[in-house]
Amino acid sequence: MTPVDKDIRRPQPPPLTQVLPAEPLLLMTAGPVPVPAEVARAGGMVINHVGDTMAMVVRHIREMSRYVFQTRDERIYGVSGPASAAMEMAVGNLLWPGRRVLVCQNGLFSSRFAEMAAGVGAEVTALDGPDGRPVCAGMVEAALRKGRFDAVTLVQGETSSGVLTGDLQQIVALARDHGALTIVDAVCTLSTMPLKKDEWGIDVVVTGSQKGLSSLPGVSLISFSPRAWEVIQGREGPRPHWCLDAARAERFWGEDAYHYTAPVPALLALHEALRLIIEETLPRRFNRHLHSSLALQAGVEAMGLELYAPAEYRLNSVLAIRVPGGVDDGVARKYMTDRFKVLIADSFGIPAVRIGQMGEQCRAPNLFRTLHALGVAFARQGVHLDPSAGMASMEAHLAEHAEDVL
Ligand SMILES: *Cc1c(COP(=O)(O)O)cnc(C)c1O
């Protein structure tokens, strides 16, 4: 008997240094986003996943997360996995057969809650935002009058179209008045625009690490209100999840005990990402994102392109730009990566390209490089555009807000 199956060929891949491009692409997509050097360094270390040092790291992460979520809630945990895992923890622990959920959806991510809720057997009612717009408070109020719901889910920023749920606070208040818990996806928005979990009365907030927080992928965060926690504790019958069981997560996050092996490098990186956010302070970070976005918006429009979302629903964290007739956006994006080493995102189902504006993406050199590459790539396909006017307009806005965007 041979120790290995000789029909299974032994692969010979090249070392990673030969796979990765000599000059990395500037990631200006809707995540993952570039990370600060401190975050990258922290993400290159492994320490024991339990014990005194890790307990201290976890304590700091929770403390800093509470500031970033603007909450006093004790139940704030990391979740091993993508932001979708935190969404799934919210859904899987608060919804089950017989429970009813109202899902406010206007794109790929907000409608993910409906898929997840249906998956755990909850009764799902979906409200669809009209084309390019979010679900508004009036629509939610009408739905809450008609039926009884245990929970309402919504996204603060729908990354797939760059659309902000402008009525978030009103929707949360309405849900509360009708006795429904609220689950808010703040994946692309947290730390890029204001969200006050306690003051606004949100029950559950989820976020990822590789978007607004500008950390490495691999870990996400979730915060439960006491009201939501009561529901979790009062649940009878079997709980379908094990890794995503909130009560079990409490063991690691609250009691320094083993649940599963935590994604140590991602947690160390998150520690640094949160620390840098706190060092910058939230108000300054919001301003940096706001003015980076306004500068880019001004530049894109002055160039002769149109933005997808109406001005009042535009996110600071991702900007969707309509692809003009006659432009093949796949060709344009390829030209941007080949010639300028800048990567922007396409869109799911809408005729737009998207530029990420999260964390380290909102730095003046990145904005100039991206807008320039976009203008050149579109203009060379024969559409009438003025890239120079766009650059001048963006520069003027940045010059006016030189203190805000560094
Ligand atoms: C990216 C994103 C998600 C999903 O994040 P993953 O880490 O890919 O699971 C969910 N919601 C929003 C708003 C997002 O931008």
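Hi everyone, thanks for coming. Please keep in mind throughout that we are looking at a predicted model.

Let's start with the ligand. Its shell holds 14 residues, and the closest are S84, T159, D185, Q210 and K211. Sorted by class, that shell has 7 nonpolar, 4 polar and 3 charged residues. Which helix gives the largest share of the shell? That is helix 4, residues 83–94, with 3 residues.

T159 places a polar side-chain atom 2.4 Å from an oxygen atom of the ligand. For Q210, an N or O atom in the side chain sits 2.7 Å from a ligand oxygen. With A83 the backbone is involved: one of its N or O atoms is 2.9 Å from an oxygen atom of the ligand. And how much of the ligand does the protein bury? On its own the ligand exposes 370 Å², and the protein buries 90% of that.

Let me turn to the histidine, H397. You'll find H397 in helix 15, which covers residues 387–400. Is H397 buried or exposed? Its relative accessibility is 16%, and the cut-off for buried is under 20%, so H397 counts as buried. What does H397 touch, once we set aside neighbours within four places in sequence? The contacts are H291, L294 and A295.

Key: Residues numbered from 1 in each chain as written. Predicted model: local features only at pLDDT ≥ 70, side-chain atom pairs only at ≥ 80, totals over all residues. Heavy atoms only, no water. Helix = DSSP H or I, 4+ residues; strand = E, 2+ residues; numbered from the N terminus. Buried < 20%, exposed > 50% of the residue type's maximum accessible area, 1.4 Å probe, protein only. Contact = heavy atoms within 4.5 Å. Near = heavy atom within 4 Å. Polar contact = N/O pair within 3.5 Å; in protein donor to acceptor, adjacent residues only side chain to side chain. Areas by Shrake-Rupley, 256 points an atom, 1.4 Å probe, with all protein chains shown as cover. Nonpolar A, V, L, I, M, F, W, Y, C, P; charged D, E, K, R; others polar.
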